[in-house]
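User: I am new to this structure and would like to learn how to read its features. Could you guide me through them in turn?

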Amino acid sequence: MKFRNLNFGLESNSKIKSYLPQGLTLFVIVFIIGFFAFNAQDNMANRGIEFGFGFWGQEASFDIQFSLIEYDGSHSYGRAYLVGLLNTILVSVVGIFFATILGVVVGISRLSPNYLISKFAEVYIEIFRNIPLLLQIFFWYFAALRALPLPKDAINFFDISYLTVKGWFIPRFIWSNFSIIFYSVVAASIASIIIYTYAKKQQEQTGKRIPAFWISSGLITLLPLLAFFIGGVTLDFEYPVLIQQTSTIFNFRGGIGIIPELIALALALSLYTATFIAECVRAGIMGVNRGQKEAAASIGLTPAQVLRLVVMPQALRIIIPPTTNQYLNLPKNSSLAAAIAYPDLVLVFAGTAMMQTGRAIEIVSITMLTYLTLSILISMFMNWYNKKIAIKEK
Amino acid sequence: MLKMIRNFVLFLSAVLLLAACGQQGGSGKKSKTLSNTKKAGFVKCGVSQGLPGFSNADESGNWSGVDVDVCRAVAAAVLGDSEKVKYFPLSAKERFTALTSGEIDVLSRNTTWTLSRDADIGLTFVGVNFYDGQGFMVRKNSGIKSTSQFQSGLSACVNIGTTTELNMRDFFNSKGIKYEPVVFEKADEVVAAYDSGRCDTYTTDKSGLAAQRTKMKNPDDHIVLPETISKEPLGPVVRQGDAVWEDIVRWSLNVMIEAEEYGVTSSNADSMKDSENPAIKRLVGSEGELGAAFGLDNDWSLRIIQQVGNYGESYKRNIADTGILPTRGPNQLWTKGGILYVPPAR
Amino acid sequence: MIGKSVIFKPNRENLNLYIILGGAFFIIGLLDVILNSLLKANITSFLPLNLSFFTPIFFGLIGLHLIRIEFSGNKILDSINKNINSNWFNAFLTLLVIFILIKIIPGLLNWLFFDADFVGTAKEECSREGACWIFVYVWFERFIYGLYPNEEIWRINFVFLTLIISTILLAYSPDRLKKYFLIFLLISPFFLWKLILSGGNFGLEWVETNAWGGLSLTFIISIFALLFCFPIGTFLALGRRSSYPVIRYSCIGFIEFWRGVPLITVLFMASVMFPMFLPSGTFIDKLIRVIVAITLFESAYMAEVVRGGLQALPKGQYDAAKSLGMGYWRMNFLVIMPQAIKLVIPGIANTFLALVKDTPLILVVGLLELVGMIDMAKTNPKWLGFAAEGYVFAGFVFWIICYSMSRYSQKLERRFKTDR
């Protein structure tokens, strides 16, 4: 194929050469945006709709099934937005937590010399990676969790926790003087950070190793325990109790009820994202030079020590960027909650609120902006981390 | 290079021209929707995703129901054949945006007429084809016979973005009952959740409750509680800004009701042409020039009555005979104790 | 002490004794689990409840320990020991996996095949012990073709047959004809859409895009999206590396925007917001809007993939091309792109895979592809309660498609691995 040199004979006058394409691009962009804005205004005027964010403070008039903060229908749409956002963050955090653990375990299993284990891990990865997430969510929610029994015949865990089609009921922790425990945990964490930095400095200077891990774990376990016994903190449990409301309707009162929508969503997200994280972990560990492992073995380190001291730190450099990408994908995938009845940001705000107020443009824009902000924050962190650990090449 | 600039300028002007051409709104006797419908050859009708009695498709894809009959009436009036309709099943979420975006021209989907919908989102309600109210459904063996027996901790399944969601809150609040709303997007999912036991009660318009009950595994296991907690006037909706189209849809519905008032049915409409009653003569088009007001020919109302029937026939065919709601309730003529009272077609 | 060392430390001398002993223990443990899962019998029921739960593992561990003989000389035993029996932890994991498999697989196979009903035409013929595949059989046409009228299904078959045949011709034709087949393949989808799938001309009945659905809709959307997102993504990637700040920043903004929002909000935007941005009175079909939205979304990911390839090329290629007097476009399309694309073929295949896996989302805007049709079928009043069969079927179909694609992309990666 012939490609002409599209220089327009302007090589000599490089100023125009650089301004022309840019000016053209700018013009096209402005034109497109103006076109859209003009039409939007015109359409809205024709229909008698006004563009504005006044709905934000209006009363919402609808209730939300599950909310981490105080909310009922008399609160504003703005507060409903906050409830949805918190629910999204909740399911994302839970999903990331379990996905990471499962992903690391499966990733390492995949590299195990044990044939059965590695094949098992491989089958798991291949199955759950190749089925769409929406289908997995549907399966867990509509097929699996719907098959659970009614509260009357709930699946019983030692009489303190019950699994039913209406949710998983667990005892509620009732603390008094919770702040004391909280501060002790914070203090222990800060102390362990200090210990780690000190230990690292010591190692760099003198080569002596302080068992920082044991000291800090000891601190983190003992300090709160001490605070618990001495500081006057009490822990009570509120157990879920089966109440008969009518001849066949039973419900649990008390305790915390985790709704099946949340369980299904968190389960599906974790299982799905764990496959990707497992592949990242595997790529990371395999990406460490074999010479490193052999050198470490040759100086007498046990396989466990090799993994912990030599392989993992180098593997982490390869593992973390794609894993952070998966952490980015998980909140975005959690927006699928709109398909089952989990009240996350999309269902509450871009669903109910949008339908009741009719303000499609404003609400969809705000929702997109929220997710965009979240991903930009995580992206920025990833870029910073990448720069920090990058091997400076020529 | 100059060629490029010239082409670009031409392209720009073409786009601007197109944009400018699109600015004509519907005004006077010129109705964009009417001319588009005539050109396409069918009426674009938004319906539900399957509600027996109102809009439901059988295995061969034939739609029937009182909402469907409204669209068929419009098609009979405008295009001469009530079968010239394309049905678009819509969920509660997309029904309004489908209408405002132009994907459909009439929304006949058991939609409640409320102030905010009429005034705030660019739509116009053109009438009521079913007066209804919101109710609750529970299992027969739960022992609940009335909503006064509801207790806190109840879980209620509901459809997202409906007046039901809001009314439910008002009702439970007034009774001080703490409830758990489980909202789904598709009505079928709501029913399935209720049927499986996920929710203790299912709430929507009473006609919807009766209709959905026929789709459950064991319809006799469920009862609809007697209390009605809100007013739900259901009717067809059109876009704001096309006055002629609005009138066409409004009067297609009114003609059906008035036909029943004067006893004109699909079978005797032809013979009524020689009636003594001038009102009847106007209805069947043998007197007056009513059609010209919309840009239609004079047989528009006759075609509606002949091909779709009057309101009573439509109700009987779709709702009474199928066992959903055997009695008319408030949906009876004002002369017979109901509240169907429409302006005269003259 | 001697006894302890004799029994507890297996050695080569009494090889056969240890094998028999170890095998016996292992088989007892295995039998316990097998009987439990297949016949629901509990042979250790004379022990307290919780203990009988652990006996198989206990026996199995002892058995495996007894056969853990290093360098026994028996090839099979050696490989087993090195592989799955190298230490206590490994043995424990092995046993766990074996027992889990024994517990799950028979039940699963029963439900899927042995107790399932395959033949029949009505719901009443389902015995409900196993899966009722009659459900899938009855609804099969709907699952594949959506709500397309039955009499017109031949049109969809015709379209896909044309595409498949032209792809095969493209792959196996002589080089000088390849150009024509490629152009045909790139242009024909549009004509096929307008003339055949939609119809309305030449005596074919018009079928509204609302009625398109099922697996065929998945393929239609994937093909069109892929056709467009690849060139758009390439241009975006080039633009992101451009030296002009305006172009670079607008490309970066575009890419980061589409990568940062979830696909569901993009679909909402396409179905709800986009019509407001068009001149009043113009109406673009919902399916077209959705395809445009998905294309723009995936093109951002494609741009990042291609950018990865561009970054991996050594600067020497650019220098060499410039020294030959090549301008920007010539250099990019003759020298850089071929190499970059070869590098990122797995990335491109991954993006396409993600695209196929993302298509079920369109059911939230009312387009019923395979998962949407299954949803519709499972809530049909005549067929309530078959959610599991439907989802397993859909999962199976998607799994086959995605697995074969990832396998193919691995093969491509190996084929294009030109060592530099």
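Analyst: Let us begin with an interface. Between chain B and chain C, the contact takes 18 residues from chain B and 16 residues from chain C; two residues are in contact if their C-beta atoms, placed from the backbone, lie within 7 Å. On the side of chain B that touches chain C, α1, β4 (85-89), α4 (95-101) and α7 of chain B each supply at least two residues. Helices (H or I, at least four residues) and strands (E, at least two) are DSSP runs, numbered from the N terminus. By class, this side of chain B has five nonpolar, six polar and seven charged residues. Ala, Val, Leu, Ile, Met, Phe, Trp, Tyr, Cys and Pro count as nonpolar, Asp, Glu, Lys and Arg as charged, and the others, Gly among them, as polar.

User: What should I know about the source of the model and its numbering?

Analyst: This is a predicted model, in which local features need pLDDT of at least 70 and side-chain atom pairs count only at pLDDT 80 or more, while totals for chains, interfaces and linings use all residues. Residues are numbered from 1 along each chain as its sequence is written, and chains are lettered from A and ligands numbered from 1 in the order in which they are written.

User: How many residues does the contact between chain C and chain A take from each chain?

Analyst: That contact takes 47 residues from chain C and 49 residues from chain A. The side of chain C that touches chain A receives the most from α17(C), which gives 10 residues. This side of chain C has 33 nonpolar, 10 polar and four charged residues.

User: Where in chain B is confidence lowest, and where is it highest?

Analyst: Confidence is expressed as pLDDT, the predictor's confidence in each residue, from 0 to 100. In chain B it is lowest in helix α1 (residues 2-21), at a mean of 59, and highest in helix α3 (residues 66-79), at 93. Chain B averages a pLDDT of 85, and 91% of the residues score at least 70. Over residues 19-28 of chain B, pLDDT stays under 50, and the model has 17 contacts beyond four places in sequence for them. Over residues 1-6 of chain C, pLDDT also stays under 50, with zero such contacts. Where pLDDT is low, the predicted coordinates should not be read in detail. The model scores ipTM 0.83 and pTM 0.83.

User: Is helix α8 of chain B mostly covered or exposed?

Analyst: A residue is buried if 20 or more other C-beta atoms lie within 10 Å of its own, exposed if 12 or fewer, and partly exposed in between, with C-beta atoms placed from the backbone. Helix α8 (residues 206-213) of chain B is mostly covered, with eight of its eight residues buried. Among them are Lys206(B), Leu209(B) and Arg213(B). The elements that the buried residues of α8(B) pack against include β5 (106-112), α7 (187-196) and β11 (201-205) of chain B.

User: Which domains does chain C have?

Analyst: Domain bounds come from an automatic or database domain assignment. Chain C is divided into domain 1 (2-114) and domain 2 (134-148 + 207-415), and 49 Å separate their centres, taken over C-alpha atoms. In chain A, the assignment gives domain 1 (21-51) and domain 2 (77-136 + 258-389); the C-alpha centres of these two domains of chain A lie 37 Å apart.
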